Amino acid sequence: MLRKIVKLFKGVKLTAAVIALLILIYFLGLILPQKWMFDTRDLYELWKEKSIFNQFIDFIGFTEIYLSPVTIVLLALFFINLLTVTLHRIPVILKRAYLQGDMPNFSGPVLKGGKEVKILATDRAPSILSGELREFFKKKRWWFHEGKREHTYVAVKHRYSPIGFLFFHLSFFLCLIGGIVLTYTRFSGNLPLTEGQRFEGAMSQFRVISSDPNIMKQLPALSLHLEKVQPVYENEVPTELTAILTIQYEGELSKEIIRINEPVNRGAMSIIAESIGVSPLFIVRGPSGSQIDAAYVSLNVLGGEEDTFQFETDKRFTFAVRFYPDFVRDRGAAATKSIEMKNPAILLTAGKDGKVIYQGVVKLGEYADLGVYSIGFEDVRYWVEFLIIREYGKIPLIAGFILAAIGLIMRLVFFQKRLRIAIEEGKEGTVLYMDGKSEFFQYSFQEELNALADGVEVYIEKSKHDERE
Amino acid sequence: MMIEDILTWTCVYAYTVSSILLLSGFIFNKEKPLKLASYIIGPAFVAHTVIFIMRWARTGYFPANSEFENAITGGWFAIGFTVYLFLKNRSLTGVALFTVPATLLFLGYGVMKAPDPLPLAASLKSSWLVIHVLFAQLAFGSYAIASGMGLLYLLKDNQLRKDEASKFYEKLPRLEIIEENMFRFVVYGFIADAIMIVAGAIWAKDLWGNYWGWDPVEVWSLISWLLYGLSIHLKVTLGWKGRRLAWLMIFLLSTVIITYWGIDIVVENTRHIFGVTSLPGLME
């Protein structure tokens, strides 16, 4: 029974079937709605109630398909198959790389009449010829070794190439280890900070925590102070985002510049600049003109969309804001000339108890009259949302990547070519038989074999010539 | 600006004429149109190379910032491999029957979309861009050649099955040699594809904070890589060959085309849209 299971798992047919099924699963992940695509849990529930099919794919976990039990089982099968195949192949690979096992034993002129045999006749004595062959193949960087029978040899190009198979297959396990460690130790949270704002480690400041680690929950002590943000635009394309931060990591203070694609890394922690927005300073004044409330409100309006906020002091009021960084009037309507902060203004829609009480453009330094209160747009700063990540497992993962690349190149570019060579003494002189096999591209190898045979002939002639000299 | 435009249109017309000649050659079993096509493709490739270099020099970044630049770069590799095969083995000219029309279509699409250079978006300003895109286009070029070989194999095999003598098809290499070259380019593409995925993962960590995000483009690239891996397994260990393998190679190229050009068009939730649209926060 066990033997049958092992036989099944070491079979390449199972590998092909599992890979095909994984491909199918990944393809389904592209066409089936996934949980993360729904903005809220309620929307997801609504979608689920729409049809039995939706309920079914939710039931079997295909709305989180990459983590579904079916996918996990397939991945488990994949890795078991990979492990069984790899372990089973180790002795074969060691033998092929001539690290274990016997050398070829040519019991007689078996090479004669073979498909790719090259025959050279020479007047050289076998002992001299074997020395010349050794030198020739050494110069060509072929590994040259004597066979069991006298005057038989094996020459191998890219002797260690079969080990590439082990490297490539083992790389998957390194990636698996790295992936598991990463998943279980990963903390990731989105932290929005406005210019001038500080983060002293309070978890409540995170807008969202997308990954909470299962182990090693304690995060390193980190505090941040966002000093300045500078976006650069060229022809309305954001070409640069510079955020100047003071970072205190485990008691060590430093000033850093974070750009897109240039995160700050401290130990296992990374700070990545993810997105940018504006935080207008709104000041609320009462009938007497006294200040009642004031705050920088981080709004997601730089893309032209509308965002909303409320007074903390009076929840009856709601505000909707559109932002114009370089305000102009275009045929009476509010518009922006560019996305650079040259003449900022907002289109403010204020509501009270569900009714619109004010709508108009408020430029920097201006106030909107809401009756009892007035609200002013006094300043504007940028905010940046940082992705704070803490995770381990990078080393095995990167090692896996490198090993996979090395393995593939060893196996498929520097594939092994083997020659079997036999020298026989006949009545008419010494005859050299040579045949060979390449792991891939046998037809091209035939040309190489011909060239090698020609090369050997030339080399022998050259040796003779040198001797005469 | 003018020179680049002239050269681009020269390439488009040269590839159009070559495509017509190649198709005519194969449809009417005539060798002369094929010969003529090879005389056109060579100079067109030189013009293509000049566009590629001029665009790189003008913008200061590796040309991979728009459909046009991707077509220029991807097409350059596909035609480059084709020219390499011309020089190596004249009888493999037929592979151009696949690569030249394919490059023409991509180039035409790029020209119609946005040929003018765009500023490089902050998200693309990374050393990994060159590595990631270079290997992606290398993989595409190799896979395109493998598909071309697949097509050539089927055409020659069909002719042999008819049992009719044809001087035209006799001049094509033997089926075994076509098949070997097909596999050679699959292997080359597979390695380049693997390096592309790895480089992309490392870049994604710096840009988005994770090595792998199950983004549609990432998933498709994984699917196409796994499919090519599977095809290598099928050939090496299960002994697939001949027409079956040739058909597989022709079909598999579609998965790469979907990854590189298809996903961005049909899917909205990919994070692989750079440059031509904005970062979060940029006004339309």
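In chain A, 4 strands form an open sheet in the order 5-7-8-9, with antiparallel pairing; strands are DSSP runs of E with at least two residues, helices are runs of H or I with at least four residues, and both are numbered from the N terminus. Two strands count as paired if DSSP finds at least two bridges between them. Strand 5 (198-199) and strand 9 of chain A are the edge strands, each pairing on one side only. This is a predicted model, in which local features need pLDDT of at least 70 and side-chain atom pairs count only at pLDDT 80 or more, while totals for chains, interfaces and linings use all residues. Residues are numbered from 1 along each chain as its sequence is written, chains are lettered from A and ligands numbered from 1 in the order in which they are written, and side-chain values use heavy atoms, with hydrogens and water left out.

Strand 7 (residues 222-234) of chain A is joined to strand 8 of chain A by 12 bridges, and the two run antiparallel. A:Leu222 has A:Tyr249 of strand 8 as its bridge partner, and A:His225 has A:Thr246. The two strands form a hairpin with 2 residues between them, and A:Asn235 in the turn has a positive phi of about 50 degrees.

Strand 8 (residues 237-249) of chain A is mostly covered, with 10 of its 13 residues buried; buried means under 20% relative accessible area, exposed over 50%, and partly exposed in between (1.4 Å probe, protein chains only). Strand 8 of chain A is also joined by 8 bridges to strand 9 (residues 252-259) of chain A, again antiparallel. Here A:Thr242 stands opposite A:Arg259 of strand 9. Strand 8 and strand 9 of chain A form a hairpin with 2 residues between them, and in this turn A:Glu250 has a positive phi of about 50 degrees.

Another open sheet in chain A is formed by 5 strands in the order 1-22-21-3-2, with antiparallel pairing. Its edge strands are strand 1 (118-122) and strand 2 (143-146) of chain A, each of which pairs on one side only. Neighbouring strands of this sheet are turned by 20 degrees against each other on average, direction ignored. Axes are lines fitted to C-alpha atoms, for helices over the stretch in contact, and angles run from 0 to 180 degrees between N-to-C directions.

Within this sheet, 10 bridges join strand 21 (residues 417-426) to strand 22 (residues 429-438) of chain A, which run antiparallel. A:Glu424 stands opposite A:Val431 in strand 22 of chain A. Helix 6 (residues 126-139) of chain A packs on the sheet, touching strand 1, strand 2, strand 3 (152-157), strand 21 and strand 22 of chain A, and its direction makes about 160 degrees with that of strand 21. Helix 9 (residues 442-468) of chain A packs on the sheet as well, touching strand 1, strand 21 and strand 22 of chain A, at about 150 degrees to the direction of strand 22. Contact means heavy atoms within 4.5 Å.

## Helix 6

Helix 6 of chain A has 14 residues and reaches 20 Å from its first C-alpha to its last, close to the 20 Å expected at 1.5 Å a residue; the expected span is 1.5 Å times one less than the number of residues. Its buried residues are A:Pro126, A:Leu129, A:Ser130, A:Glu132, A:Leu133, A:Phe136 and A:Phe137. These residues cover an arc of only 165 degrees around the axis, which puts them on the same side of helix 6 of chain A; the arc is that of the directions from the helix axis to the C-beta atoms. An α-helix has 3.6 residues a turn, so residues three or four places apart point the same way.

What covers the buried residues of helix 6 of chain A includes strand 1, strand 2, strand 3, strand 21, strand 22 and helix 9 of chain A. On the other side of helix 6, A:Ser127, A:Lys138 and A:Lys139 are exposed. Just after helix 6 of chain A, A:Arg141 takes a positive phi of about 60 degrees.

## Domains and other elements

The domain assignment of chain A gives domain 1 (2-78), domain 2 (108-161 + 414-468), domain 3 (183-277 + 386-400) and domain 4 (279-383); the bounds come from an automatic or database domain assignment. The C-alpha centres of domain 2 and domain 4 of chain A lie 86 Å apart.

A:Ser171 is found in helix 7 (residues 163-185) of chain A. At 2% relative accessibility, A:Ser171 counts as buried. Not counting residues up to four places away in sequence, A:Ser171 touches A:Gly400, A:Leu403 and A:Ala404.
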